[in-house]
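Grab a viewer and work through the exercises below. Each one comes with a solution, taken step by step.

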Amino acid sequence: MTSEHLPPGRPHLDGVCRVAGSRGRLASRTGTVAVAVALAASVSLGACTSGAGGQPASGSEGSASPSSSQAGATSPGDANASGVSVTGAPAPLADLVRSVYTGGDLTQTSSPTAARALKPRKAAGGPVDATAKVGSWMGTPVAVVTAGDDVTLAVGPSWKVVGGWWPSLGVAKPSLGGGPRWVLAIGSDARKGQPLERTRADVLQVIGIDGNGGGGVMGMARDLWVPLSTGGKGKINSAMVFGGPRAQVATVKAVTGLPVEGYVVLGFSGFMKIVDEQGGIPIVIPKTVVASHARNMVIKAGPQTLTGAQALAYARERKTLPDGDFGRSRHQGEVILAAAVKAKLAGPIAIPAALTSFSKVGTSNLTAEQILTFTAGLHQLSPLKVGRGVAKGAFGWAEKQSIVVLGDQARSLFAEFRDGNLS
């Protein structure tokens with residue numbers, strides 16, 4: 001069944017996966033790899049670079065180790081007497097990874113949830129070859145270490161394990177902060193010289209994961225007329241103008257009833273920069289779009305790879321769409337999921353580069369542990385268990401402006417998303 005035959009607002013990922021499939025069958029890569037999403041087009045896009053065979057391209061930003069002042073000298077991969085070789089890691093991180101595989105005490109060097117998950121682990125039964133990629137999130141060092149099907153997530157500068165999955169050590173389930181979890185991806189309408197966090201939100205997409213391989217992307221029509229966390233009523237996207245991203249999150253939480261964990265914010269130029277740096281977004285465009293706001297740029301129907309400018313034009317166009325702002329929000333969800341599928345092919349090892357890239361152009365209130373475990377959690381998703389929807393409503397008027405009135409469709413969508421899954 002194609003997306004055209006599914007209920008409105010609930011297409012699956014067939015079109016996206018067919019594009020990704022041209023670079024290698026997605027199903028063959030779901031052992032140890034599996035999204036970045038999805039964090040938002042924002043964070044997901046940074047993890048999209050891949051070279052031959054779907055592996056991260058060499059020399060990508062964020063792959064280098066942090067400076068010695070942050071984490072110590074880079075480990076040459078010497079296994080020493082432990083039999084555990086760690087390539088690309090600062091020495092303290094390499095020692096931490098060896099402790100994971102040799103059964104060492106992690107009480108003081110891991111988060112409570114990771115410590116509980118790793119407590120019953122078995123020591124590695126033979127030599128371990130691990131590879132680390134190190135980057136940063138808003139100035140905090142982050143790392144992903146892979147060894148076969150295992151993934152270890154760590155946060156510095158005093159390195160500690162915050163999550164991961166370790167099938168080789170007999171750990172039954174991934175440790176990724178539990179679920180369900182939600183993050184709000186905000187696209188700021190800021191123009192040159194305007195503050196990124198004090199303009200209207202041009203994009204509002206709630207990204208959710210259920211902790212069991214499912215998830216969803218829910219767009220919020222920006223003209224929804226709702227109570228604002230800063231007081232009074234207004235269009236939902238105006239909350240950021242009055243109170244910044246935290247007020248925007250508080251407003252979305254109150255309207256949806258979803259305990260959104262935090263936000264990521266990206267502007268137009270930052271979005272285009274990330275997309276272009278990562279080689280574009282492979283996607284199937286259902287219907288040709290003429291972007292009236294971008295000098296009538298034409299985004300043709302069919303499989304293609306969007307540049308930064310094309311992706312932005314597709315995600316922002318509404319005037320030429322039959323369903324206006326609802327269609328725009330739908331397109332935004334399509335871009336996010338397409339970026340997520342490409343990121344999935346790159347694998348979790350690409351996450352540090354993604355976070356480093358985003359940190360240069362965006363803002364967030366999520367801690368390094370939160371973003372690392374959430375983004376890695378997106379790699380555990382099954383494409384067939386990820387859905388998307390748009391919170392809609394009837395058109396109306398308030399204070400001499402056109403608005404969208406929150407209705408039963410939106411409330412039903414919010415209720416459906418309470419388990420973190422829209423599939």
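The chain folds into 12 helices and 19 strands, where helices (H or I, at least four residues) and strands (E, at least two) are DSSP runs numbered from the N terminus. Heads-up: this is a predicted model, so local features need pLDDT of at least 70 and side-chain atom pairs count only at pLDDT 80 or more, while totals for chains, interfaces and linings use all residues. Residues are numbered from 1 along each chain as its sequence is written, and side-chain values use heavy atoms, with hydrogens and water left out.

## Exercise 1: burial and surface

- Step 1. Of the 423 residues, 57% are buried, meaning under 20% relative accessible area with a 1.4 Å probe, protein chains only (over 50% is exposed, in between is partly exposed).
- Step 2. The accessible surface is about 16,800 Å², with 53% of that on carbon and sulfur atoms; areas come from the Shrake-Rupley method with a 1.4 Å probe.

## Exercise 2: positive phi

Examine E399 and K400, non-glycines with positive phi.

- Step 1. E399 has phi near 50°, in the loop between strand 18 (393-398) and strand 19 (401-406). At 63% relative accessibility, E399 is exposed.
- Step 2. K400 has phi of about 65° and lies in the loop between strand 18 and strand 19. With 83% relative accessible area, K400 is exposed.
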